Amino acid sequence: MQTLEKIPTLTASRLHAMVRERGYQGAPAADGLRDGAVVLARDLPALLLDARMENFLRGHVGACETWDALPRVLLYDNLKSAVLERQGDAIRFHPALLALAAHYRFEPRPVAVARGKEKGRVERAIRYVRDAFFAARAFSDLADLNAQAAHWCHAQAANRPWPEDTGMRVRDALASEQPRLLRLPATPYATEEVVAVKAGKTPYVRVDLNDYSIPHTRVRRTLTVRASPELVRVFDGVAVIASHARSYDGKVQVELPEHIEALVAVKREARQHRGVNSLTRAVPACRDLLVQAAERGTNIGSLSAALLRLLDRYGAALHAAVHRRWPGCCRSMCGARTRRCGRTGLTATIN
């Protein structure tokens, strides 16, 4: 009753399917379920990600693969995805639809304007899907919804009576027509979205509202994105430089660990290089100290960081400051006598 209160337009067949999912084994009318069909007075969302041409074409490919065949003629309402322009009998089809038709060798044919009887059967089928599948259905994501739809198509929808011969089921009618349908080509039609994207100074490219990571070596250039419902692949020329699971969350960063690790390593190296340059420019004699440290296997990064801290603290008085921190190891700046540093093991000349 709670479900009916929330969705009072549920049909008897949909209610029966819902209670059967919960273990009910009776006939549709045995439990007082309402009689007859009630037409939904509002539209329900279509099973598409959006209205892009790629998704319109994916619907064709999915249907062909499900049937393992396709009709010789496909009828279309006068939607912009199929018919760009029409003047009487003169029709200009969408070139993407014509390419799909050429691949599968079917004839696209629009229904006549204001001839409702030509598409009545299709409208009834759409209403059936809305009433019997979408109504009161919960799902977690697109994959879950598609899995439920596939099960419903192969079970409840395929087992319903065939409208032209109620002695047959829909699955039987499809089996009888299968030999007269067109065979599928060896490869399905490619329906990936292909777009050129500009990578800026940060190692990401934007697809829809999400940012996907790329190698830091490929920034500041134009790349190509090929996106399917499941994957986002990024190309530099013909080379695949990144492959991500596609996200539909919006305004998120989708990253590969190797991209981030490489970027962090480069930044660390760059910081160390800048630090050494700053140090040797301020105190040129420190170059000799760093060379000796490298020859003895001392960590140059740690030594440079320590010397930079002293440079920040003491400025021009670094000579004396280094001598107080590591007695004798940096007197090479002043020349003359030699002395061995107990901390680093380096030998330096001192005055």
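In which strand is Val 207 found? In this predicted model, Val 207 belongs to strand 8, which spans residues 204-207. Val 207 counts as buried, because its relative accessibility is 7% and buried means under 20%. Its contacts beyond four places in sequence are Tyr 212, Val 225 and Val 232.

The protein chain as a whole was examined next. Its secondary structure comes to 11 helices and 15 strands. The chain has 351 residues, and buried residues make up 32% of them. Contacts between residues at least 6 apart in sequence were also considered. Of these, 50% join residues at least 24 apart.

The largest nonpolar core contains 17 residues. Those with the most contacts inside this core are Phe 56, Leu 70, Tyr 76, Leu 97, Leu 100, Tyr 104 and Phe 106. Three elements each supply at least two residues of the core: helix 3 (53-67), strand 1 (73-76) and helix 4 (95-104). Helix 3 gives the largest share, with five residues.

Residues up to four places away in sequence are not counted here. Beyond them, Tyr 76 touches Phe 56, His 60, Ala 82 and Leu 97, among others. The list of its partners also includes Phe 106, Pro 108, Arg 109, Pro 110 and Val 111.

Two packed helices are described by the angle between their axes and the distance between the axes. The axes of helix 3 and helix 4 come within 11 Å. They cross at roughly 20°. Helix 3 is therefore roughly parallel to helix 4, since angles under 35 degrees count as such. The crossing of helix 3 past helix 4 is right-handed. On the helix 3 side, the residues that meet helix 4 are Met 53, Phe 56, Leu 57, His 60 and Val 61. Their counterparts in helix 4 are Ala 96, Leu 97, Leu 100 and Tyr 104.

Helix 3 also holds Glu 65. This residue counts as partly exposed, at 47% relative accessibility. Glu 65 touches Leu 184 and Pro 188, with residues up to four places away in sequence not counted. Glu 65 and Leu 184 are 119 residues apart in sequence. In space, the two are 8.1 Å apart, C-alpha to C-alpha.

Cysteines were then considered. The count of disulfides comes to zero. Cys 64 is buried, with a relative accessible area of 6%. Cys 153, by contrast, is partly exposed, with a relative accessible area of 40%.

Backbone angles were examined at two loop positions. Most residues other than glycine have a negative phi. Arg 105 has a positive phi, near 65°. Its place is in the loop between helix 4 and strand 4 (107-110). Arg 105 counts as partly exposed, at 47% relative accessibility. Ala 136 likewise has a positive phi, near 60°. Ala 136 lies in the loop between helix 5 (120-134) and helix 6 (142-159). At 30% relative accessibility, Ala 136 counts as partly exposed.

Thr 280 counts as buried, because its relative accessibility is 7%, and buried means under 20%. Leaving aside neighbours within four places in sequence, Thr 280 is in contact with Arg 287 and Leu 290. The C-alpha atoms of Thr 280 and Leu 308 are separated by 9.9 Å. Along the chain, Thr 280 and Leu 308 are 28 residues apart.

Note on methods. Residues numbered from 1 in each chain as written. Predicted model: local features only at pLDDT ≥ 70, side-chain atom pairs only at ≥ 80, totals over all residues. Heavy atoms only, no water. Core = buried A, V, L, I, M, F, W, Y, C linked by side-chain atoms within 4.5 Å. Buried < 20%, exposed > 50% of the residue type's maximum accessible area, 1.4 Å probe, protein only. Helix = DSSP H or I, 4+ residues; strand = E, 2+ residues; numbered from the N terminus. Contact = heavy atoms within 4.5 Å. Disulfide = S-S within 2.5 Å. Axes fitted to C-alpha atoms, helices over the stretch in contact; angles between N-to-C directions. Parallel < 35°, antiparallel > 145°, perpendicular 65-115°, else oblique. Left-handed = near helix turned anticlockwise from the far one by under 90°.
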